[in-house]
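This report describes aromatic rings and the charged side chains placed over them. The sequence and the model come first.

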Amino acid sequence: MSNLIFFIGPGGAGKSTICKQLEKDHANLKREKLDNYEKDNDPNLGICRIEELEKSENTSVFLVDVGAFFQAHIPYNFWLKRQSKLITIYNKPKFCYEVYKNRETTKHRDEYNVHLNKEFNPERKKLYELSSFKIITNK
């Protein structure tokens, strides 16, 4: 069974940056970006990938970069069962928004209030608080 560590937090907080750097610095760590499974707006694709990794014989440690889509659409109980493997990457809303809106992408970028309501709503904050380990990122 492979080991998974889940990185959650608002868009722009630094989840991908931290996962990329850890993967670069440590050969036994592999980054798995759930956004790659966002096709057709079906969260089950991400759940299936997580369950596949959990059953894998691979001895690597997978750093699972959980994007906004999956944080919003995978049930809270799914994360509750994996609570000991959650790490929250967090920063102030304004900082997260600036990083998010300036990221190079072809995806549409929400206005500040829309981003704020998606990434910092009560359900999402409840998810962020579920992890016992938090990293507050700064410039």
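## Aromatic rings and charges

Arginine 109 lies over the face of tyrosine 100, at 4.2 Å from the ring centre. A charge counts as sitting over a ring if NZ of Lys or CZ of Arg is within 6 Å of the ring centre and within 35 degrees of the ring normal. Arginine 82 is likewise placed over the face of phenylalanine 78, 3.7 Å from the ring centre.

The model is predicted: local features need pLDDT of at least 70, side-chain atom pairs count only at pLDDT 80 or more, and totals for chains, interfaces and linings use all residues. Residues are numbered from 1 along each chain as its sequence is written, and side-chain values use heavy atoms, with hydrogens and water left out.

Seven aromatic pairs are found in a search of the whole structure. Rings of Phe, Tyr and Trp (its six-membered ring) pair if their centres lie within 6.5 Å; planes under 30 degrees apart count as stacked, over 60 as edge-to-face and the rest as tilted. Two of the pairs are set out here.

| Pair | Centre to centre | Angle between planes | Type |
|---|---|---|---|
| Phenylalanine 78 and tryptophan 79 | 5.2 Å | 85° | edge-to-face |
| Tyrosine 90 and phenylalanine 120 | 5.8 Å | 80° | edge-to-face |

Tyrosine 90 lies in strand β4 (residues 86-90) and phenylalanine 120 in the loop between α6 (112-119) and α7 (122-130), so this pair ties together parts that are 30 residues apart in sequence. Helices (H or I, at least four residues) and strands (E, at least two) are DSSP runs, numbered from the N terminus.

Phenylalanine 78 and tryptophan 79 are both buried; buried means under 20% relative accessible area, exposed over 50%, and partly exposed in between (1.4 Å probe, protein chains only). Phe6, Phe78 and Trp79 form one aromatic cluster. Phenylalanine 120 is buried at 8% relative accessible area, whereas tyrosine 90 is partly exposed at 23%.
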